Amino acid sequence: MADAGTRQSGAAALTTPPALLPAGKTYTVTLLTGDVVTVHTRASGCPVVSVKPARPSGVLRRGCGPDGRVRVVPGDVAHLLGDVYDEALFDVTTLITEGYDDARAKELPLIVRPGTARAASTFAAGLRGKRNLASIGAVAGRQPKGQRAELPATGGGKVWLDHKVRATSLTNAGAKIDGNLTQVSAPRAWATGYTGTGTTVAVLDTGVDTTHPDLAGKVAEKKDFTVEGGDAVDGHGHGTHVAATIGGSGAAARGERRGVAPGATLLAGKVLDDEGYGTDSSVIAGMEWAAPRADVVNLSLGGYDPSDGSDPMSQALDALTDEHGTLFVVAAGNDGPYDRIITAPAGAPPALSRGAGGG
């Protein structure tokens, strides 16, 4: 693996890796293992990288591949990568992109599955702001930077980065949805008596504005998973749009913007903040709350990277589907630069993943 910032020769030099971070910036990132990485970005190609090892004799693998991503892996955990440690924990570009560089975060958000490993259990118990995630047998919390995680190679222990997730775009926000209703044959369903009556749909999103005329009396229960004791009010707009598209009465527009299932009862779980962002753990907590209460759970959100279904959110969706028989409907392939990839949790096999809908 070539050092980042070094000049490559031969065929490798014919392709310049993309610059994934803004040019002319300097970032410092402390890894889970305590190693400190400094990244100086450039207008094109790989950034220049320097590393201060946590131990004077520490051996590090560092490099920037054809994808332009900077990765720094301590030699003593390289053999645990993937099995015990999430690869994203040593993907410096991901850590910067998600706002976990040292200037913006003094703690690293993690999801830890202790398994039967005593060291993993001790580490999980020491996290700050812990949240239990029973569906995947894990705990989420924050690890102060500079404190090394000691996890064994056996015993089922696993540490993931608690990734950022975001609301998908509102392709049709503010427009009449009559065309969309026709596309999914909603008027035909209504004519035969199927209006969603007797069905409960949970909307896990930015919360819901329950004062909106289309949603008056529609939301039976709500809960905030972004702030403890929060009121689940939508300060963004995405969740209200999604909820109205699903089960709105159309009252605000004299029925012209009626939802697909206007007879359905709605639940509102605020898993994304008022900027439209959340974390894997906030979404999983919302899923665990919604699954036993709802027939259908809607997630118009997703992560940043492709998912093969092995990430924590997808694993939670698998487990909750098996336990409760809930149908999870998840956005996929409908958000700008991410419109050609399946992100978490849409990669989970039981998920009804949908694309090109917006919201």
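**Entry 1: the model**

I am working from a predicted model. I keep that in mind throughout.

**Entry 2: backbone**

I began with the peptide bonds. Most peptide bonds are trans. I found a cis one between Ala344 and Pro345, with omega at about 0 degrees. Where does Pro345 lie? I traced Pro345 to the loop between β17 (327-331) and β18 (352-354).

Next I looked up phi angles. Most residues other than glycine have a negative phi. Ser185 has a positive phi of about 60 degrees, and it is not a glycine. I located Ser185 in the loop between α3 (178-183) and α4 (186-191). Is Ser185 buried or exposed, or partly exposed? Its relative accessibility is 31%, so I noted Ser185 as partly exposed.

Ala232 is another residue with a positive phi, near 65 degrees, and it is not glycine either. I found Ala232 in the loop between β12 (219-224) and α5 (238-247). The relative accessibility of Ala232 is 1%, so I noted this residue as buried. The cut-off for buried is under 20% relative accessible area.

**Entry 3: salt bridges**

Side chains of opposite charge can pair when their charged atoms come close. How many salt bridges does the structure hold? I noted nine. I looked up some of them one by one.

I started with Lys145 and Asp102. Their closest N and O atoms are 2.8 Å apart. Lys145 sits in the loop between β8 (138-144) and β9 (158-161), and Asp102 in the loop between α1 (92-97) and β6 (107-113), so this pair ties together parts that are 43 residues apart in sequence. Asp102 has a relative accessible area of 16%, so I count this residue as buried.

Then I took Arg128 and Glu107. Their side chains meet in a salt bridge, at 3.1 Å from N to O. Arg128 is in strand β7 (residues 128-133) and Glu107 is in strand β6. The two residues are 21 apart, and the pair links distant parts of the chain. Arg128 is partly exposed, with a relative accessible area of 45%. Glu107 is at 18% relative accessibility and counts as buried.

My next pair was Asp274 and Lys270. Their closest N and O atoms are 2.7 Å apart in a salt bridge. Asp274 is partly exposed at 39% relative accessibility. Lys270 is buried at 4%.

**Entry 4: cavities**

Rolling a probe the size of a water molecule over the atoms shows where empty space is left. I noted four cavities of 30 Å³ or more in the structure. How much space lies in the largest cavity? I recorded about 70 Å³.

I then listed what lines the largest cavity. Pro18, Ala19, Leu20 and Leu21 are among the lining residues. Thr41, Arg42, Gly45, Cys46 and Pro47 are also in the lining. Gly68, Val70 and Thr93 belong to the lining too. I sorted the lining by residue type. It divides into seven nonpolar residues, four polar and one charged. Gly counts as polar in this sorting.

Notes:
Residues are numbered from 1 along each chain as its sequence is written. This is a predicted model: local features need pLDDT of at least 70, side-chain atom pairs count only at pLDDT 80 or more; totals for chains, interfaces and linings use all residues. Side-chain values use heavy atoms; hydrogens and water are left out. Helices (H or I, at least four residues) and strands (E, at least two) are DSSP runs, numbered from the N terminus. Buried means under 20% relative accessible area, exposed over 50%, partly exposed in between (1.4 Å probe, protein chains only). A salt bridge is a side-chain nitrogen of Lys or Arg within 4 Å of a carboxyl oxygen of Asp or Glu. On a 1 Å grid over the protein atoms alone, a cavity is a set of points where a 1.4 Å probe fits but cannot get out, and a pocket is an open set with protein on both sides within 12 Å along at least five of seven lines; lining residues have an atom within 4 Å of a point. Grid points are joined across faces, edges and corners, and a volume is the space filled by probe spheres set on the points.
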